[in-house]
Amino acid sequence: MCPLPLLAAAVAASRTPLRLLGRGLAAAMSTAKRLKSVDYEVFGRVQGVCFRMYTEDEAKKQGVVGWVKNTSKGTVTGQLQGPEEKVDSMSI
């Protein structure tokens, strides 16, 4: 898995307040495996570098759901839910 891109210049917060990941919690809950939910906030240069799009694409590939959004503090915050091993694979 590629590390998340954190080295481009930051810009003002996006006007899009919320971005949903995956197909919804029902898709994650359809598995008999142990589920995990993680709230996160990423600091550094994460706005204006397609971080949210990248996170959404990775979530779809891994089969997890949740949301991600830019904050007014210049960070990105979100939540991931799904089978434990898949949520863990999204970690940096």
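Let's begin with K61, which counts as exposed at 64% relative accessibility. Here, exposed means over 50% relative accessible area, buried means under 20%, and partly exposed is in between, with a 1.4 Å probe and protein chains only.

Before I go on, a word on what we are looking at. This is a predicted model, where local features need pLDDT of at least 70 and side-chain atom pairs count only at pLDDT 80 or more, while totals for chains, interfaces and linings use all residues. Residues are numbered from 1 along each chain as its sequence is written, and side-chain values use heavy atoms, with hydrogens and water left out.

Back to K61, then. Which side chain does K61 meet in a salt bridge? The partner is E58, at 3.4 Å from N to O. By salt bridge I mean a side-chain nitrogen of Lys or Arg within 4 Å of a carboxyl oxygen of Asp or Glu. Both residues lie in helix 2, 3 residues apart, about one turn of the helix. Helices are DSSP runs of H or I with at least four residues, strands are runs of E with at least two, and both are numbered from the N terminus. While K61 is exposed, E58 is buried, with a relative accessible area of 9%.

Helix 2 holds another such pair. K60 forms a salt bridge with E56, and their closest N and O atoms are 3.6 Å apart. These two are 4 residues apart in helix 2, so about one helical turn separates them. E56 counts as buried, at 12% relative accessibility.

Now the helix as a whole. Helix 2 has 12 residues and reaches 16 Å from its first C-alpha to its last, close to the 16 Å expected at 1.5 Å a residue. That expected span is 1.5 Å times one less than the number of residues. And which residues of helix 2 are buried? They are F51, R52, Y54, T55, E56, E58 and A59.

Take a look at what sits on either side of the helix, too. C50 is in the loop between strand 2 (35-42) and helix 2. Its phi is near 65°, a positive value in a residue other than glycine. C50 counts as partly exposed, at 46% relative accessibility. After helix 2 comes G63, and its phi is also positive, near 80°.

An unreviewed UniProt entry places the feature "active site" at R52 and N70. UniProt positions are given in the numbering used here, feature names are shortened, and annotations may be inferred rather than shown by experiment. Why can we say that these positions gather at one spot? They span 19 residues in sequence, yet no two of their C-alpha atoms are more than 8.0 Å apart. R52 is found in helix 2, residues 51-62, whereas N70 lies in strand 3, residues 65-70. R52 is buried, with a relative accessible area of 12%, and N70 is buried with a relative accessible area of 12%.

One last stop, on salt bridges. The count comes to 5 in this model. One of them joins D88 and K36, with the closest N and O atoms 2.5 Å apart. This pair links distant parts of the chain: D88 is in helix 3 (residues 84-89) and K36 in strand 2, 52 residues apart. D88 is partly exposed, with a relative accessible area of 36%, and K36 is partly exposed at 28%.
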